[in-house]
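Colleague: I am new to this structure and would like to learn how to read its features one at a time. Could we begin with the surface and then turn to the fold?

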Amino acid sequence: MHCPSCSKEVVADKLFCNWCEAFIPNKTVGKKAGLFRRWLASAIDPIIVIILYVILAAILGAIFGRGIAFVIVTLGYVYFISRLLSKGMTLGKWLLGVKVVEKLTGNSPGFWRMILRETIGKGVSGMIFGLGFFWAIWDKDGQAWHDKIARTVVVIEQKQ
């Protein structure tokens, strides 16, 4: 089998080219995301949420009062995150140009698959000393356990 991007020969059961790291099922989706970038996106997520939440709560709290500000900020956050999750991203992934796609097609995984991946999947990945997260180091397609559970892979988003 040959890579659709660089035309070099690749192993038949791999999702990413060994040479150019293109996503073989659909080269227009992007290239394999490195582990450091994936980790950084996960580390950025809670920091951004806390900073945005505090700033918005303070501003809206001064205008509307703390109770109403809490409701507005929480509803806004839920809406924004649900929009990102439906596109296969979190805030950190969005900032770093990384997205989660379905393993076999490269399509957006959708909201419920992302919920499965980000909640139950990451819970399972972290259960045994974080072994599920480290699994991506030696997995041929760079999948951690939460990726395997949700049948997803992480790619660097292709600029259109």
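Modeller: Let us start with what a patch is: patches are made of residues with over 30% relative accessible area and no salt bridge, and nonpolar side chains are joined within 5 Å. Please keep in mind throughout that this is a predicted model.

Colleague: Which residues form a nonpolar patch on the surface here?

Modeller: The patch consists of Leu-35, Met-127, Ile-128, Phe-129, Leu-131, Phe-134, Ile-137 and Trp-138, which together have about 930 Å² of accessible area. Helix H5, covering residues 131–138, contributes four residues, the largest share of the patch.

Colleague: What is the order of the three strands in the open sheet?

Modeller: In general, strands of a sheet pair through backbone hydrogen bonds, either parallel or antiparallel. In this case the order is E1-E3-E2, and the pairing is antiparallel. Strand E1 (30–32) and strand E2 (98–102) are the edge strands, each of them pairing on one side only, and from one strand to the next the twist averages 50 degrees.

Colleague: How many bridges join E2 to strand E3?

Modeller: Five bridges link E2 with strand E3, residues 152–157, and these two strands run antiparallel. To find the pairing in the view, you may look for Val-98, which stands opposite Ile-156 in E3.

Colleague: With which residues is Asp-13 in contact, leaving aside its neighbours within four places in sequence?

Modeller: Asp-13, whose place is in the segment before E1, is in contact with Lys-140 and Asp-141 once those neighbours are set aside. The C-alpha atoms of Asp-13 and Lys-140 are separated by 9.3 Å, although the two residues are 127 residues apart along the chain. With a relative accessible area of 48%, Asp-13 is partly exposed.

Colleague: And what share of the residues in the protein is buried?

Modeller: Of the 160 residues in the protein, 37% are buried, while the protein exposes about 9,400 Å², of which carbon and sulfur atoms supply 70%.

Terms used. Residues numbered from 1 in each chain as written. Predicted model: local features only at pLDDT ≥ 70, side-chain atom pairs only at ≥ 80, totals over all residues. Heavy atoms only, no water. Patch = residues over 30% accessible without salt bridge, like charges linked within 9 Å, V, L, I, M, F, W, Y side chains within 5 Å. Areas by Shrake-Rupley, 256 points an atom, 1.4 Å probe, with all protein chains shown as cover. Salt bridge = Lys/Arg side-chain N within 4 Å of Asp/Glu carboxyl O. Pairing = 2+ DSSP bridges. Axes fitted to C-alpha atoms, helices over the stretch in contact; angles between N-to-C directions. Buried < 20%, exposed > 50% of the residue type's maximum accessible area, 1.4 Å probe, protein only. Contact = heavy atoms within 4.5 Å.
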